[in-house]
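Please look at the sequence and the structure below, and then read the short report that follows.

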Amino acid sequence: MTVHFPFQNSYSALPDSFFARVAPTPVAAPRLIKLNRPLAAQLGLDPDLLETPEGAAILAGKTVPEGADPIAMAYAGHQFGHFVPQLGDGRAILLGEVIDRDGIRRDIQLKGSGPTPFSRRGDGRAALGPVLREYIVSEAMYALGIPTTRSLAAVVTGEHVIRESALPGAVLTRVASSHIRVGTFQFFAARRDTEAIRRLADHVIARHYPELREVERPYHALLAGVVARQAELVARWLLVGFIHGVMNTDNSSVSGETIDYGPCAFMDAYNPAQVFSSIDEMGRYAYANQPRIALWNLTRLAECLLPLFGSEQEKAVAEAQDILGAFSEIFSATYQAGLRKKIGLFSVRDGDEALIQDLLDAMAKNQADFTLTFRKLGEAASADATDVRAQFVEPAAFDEWAGRWRARIALEPQSAAERQAAMHAVNPMFIPRNHRVEAVIQAAVNNDDYAPFEELVQVLAKPFEDQPEYTAYADPPLPDQRVLQTFCGT
Ligand code: AMP
Ligand code: MG
């Protein structure tokens, strides 16, 4: 039997200027490393058939499945604040779209499947390490309940890619509700192609914001919709300690999903200024800068949409500013509500924000582990505070705060058990810690050993469960295991 992909492609029906038609480049000896079976089923694909050599050949870009309409999407983008009028999919090829079991349209894209007209000087390939990193972290984000692109499969190509050294090549199959970025709008804005901007906006509304089709000012509403989703997304990143690392406008999705996992990382010790990415020398994309950068990116989107706002430019600018003005309110509301839940509050009272800020300040001063502090605080709601105290270099800093926290929660009727359950449902035990991700990659790249990868993926699929047999995965790195920098690896 042949693998059947129930493609229903819409992006490739847009005008030719939106993409380049290009097939993946066949590779030598594809070998499937990982298939995300539940996701395959969700997409209406047969997991057993995808695991056959024929399935692996498709997932490696060696054969193109029936009904695919392979394209590389055109886009532009601000990279670290500098505008590049043409980027595009330089090493990714969109095979097509399917409608999943929930009725949602999903892109199926191969990343690392060979050069495209947008490759510039790149080879169009991906190395195994970054492919595994994206698989692990994107699926961990999904399990944490954060909007994200997903990973359907990873294959090794049987070929080497040349980076600083020769590394095994790999292809990731990425699934997204779309791959349309702020930079996609910028591509057409840079060419002053207002008709294309309108076509793209209409496509995005139909696909991601169908409820806006009938409103009076759909393009204003579209901007407001993207602002809201991005504000919520970044708030949710902060609530789990996630640092994207390359929040360029071409890595910013208009659907509000986390996209383009490069040098991303979760922090261990809480530090608002934390940066891991080796290419982020100025700390532009530091943990606490992410809301500001999201708004900066959205302002670039607003500029692209201005021609659709009407012919009076001053009025259009004022309207756009008004819409962008909602960002900080939506961000703060999501972030503060999330933090309140993290410390186990069921109600809202004056002084809560200050109480939470004081905890964060004490955590920063005491290098407290972000994930474990909140997780163990949940236990302190019903038992003693030994484990949460131990997160602080000077546990007395926690004791002082804990007195105020206990007085605050005593004002609420919920039982200790109820509070702990509510806290455990939002404070994960397991995140993809850098040192674990690195160890998994080393085992795969150096020893062709995928058992550590499998186990890590399995643990991260249930981040809110205690999983006593895997507690070591919750541990922060020892001093000699600490990862100080992460790399794009492109
Ligand atoms: P990124 O930093 O991964 O978001 O990539 C920025 C741009 O560089 C995008 O247009 C990518 O498609 C392109 N790119 C990254 N790596 C490669 C590669 N190995 N070959 C060709 N293009 C690449
Ligand atoms: Mg990118």
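## The shell around ligand 1

Ligand 1 has 18 residues around it, and among these Gly88, Gly90, Asp123, Gly124 and Asn251 come nearest, where a residue is near if one of its heavy atoms lies within 4 Å. This is a predicted model, in which local features need pLDDT of at least 70 and side-chain atom pairs count only at pLDDT 80 or more, while totals for chains, interfaces and linings use all residues. Residues are numbered from 1 along each chain as its sequence is written, chains are lettered from A and ligands numbered from 1 in the order in which they are written, and side-chain values use heavy atoms, with hydrogens and water left out.

The shell is made up of two nonpolar, eight polar and eight charged residues; here Ala, Val, Leu, Ile, Met, Phe, Trp, Tyr, Cys and Pro count as nonpolar, Asp, Glu, Lys and Arg as charged, and the others, Gly among them, as polar. Because domain 1 (11-179) and domain 2 (183-336) both give residues to this shell, ligand 1 lies between them, the domain bounds coming from an automatic or database domain assignment.

## Atoms facing the ligand

An oxygen atom of ligand 1 is 3.0 Å from an N or O atom in the side chain of arginine 120, and a nitrogen atom of the ligand is 3.0 Å from an N or O atom in the side chain of aspartate 123. For asparagine 251, an N or O atom of the side chain is 3.0 Å from an oxygen atom of ligand 1. Taken alone, ligand 1 exposes 480 Å², of which the protein buries 86%, with areas from the Shrake-Rupley method and a 1.4 Å probe.

## Two loop residues

Arginine 120 is found in the loop between β7 (105-111) and β8 (126-127), and although it is not a glycine, its phi is positive, at about 50 degrees. Aspartate 260, in the loop between β11 (242-243) and β12 (265-266), is likewise not a glycine and has a positive phi of about 65 degrees. The strands are DSSP runs (E, at least two residues), numbered from the N terminus.

Arginine 120 has a relative accessible area of 57% and is therefore exposed, whereas aspartate 260, with 13%, is buried; buried means under 20% relative accessible area, exposed over 50%, and partly exposed in between (1.4 Å probe, protein chains only).

Key
Polar contact = N/O pair within 3.5 Å; in protein donor to acceptor, adjacent residues only side chain to side chain. Helix = DSSP H or I, 4+ residues; strand = E, 2+ residues; numbered from the N terminus.
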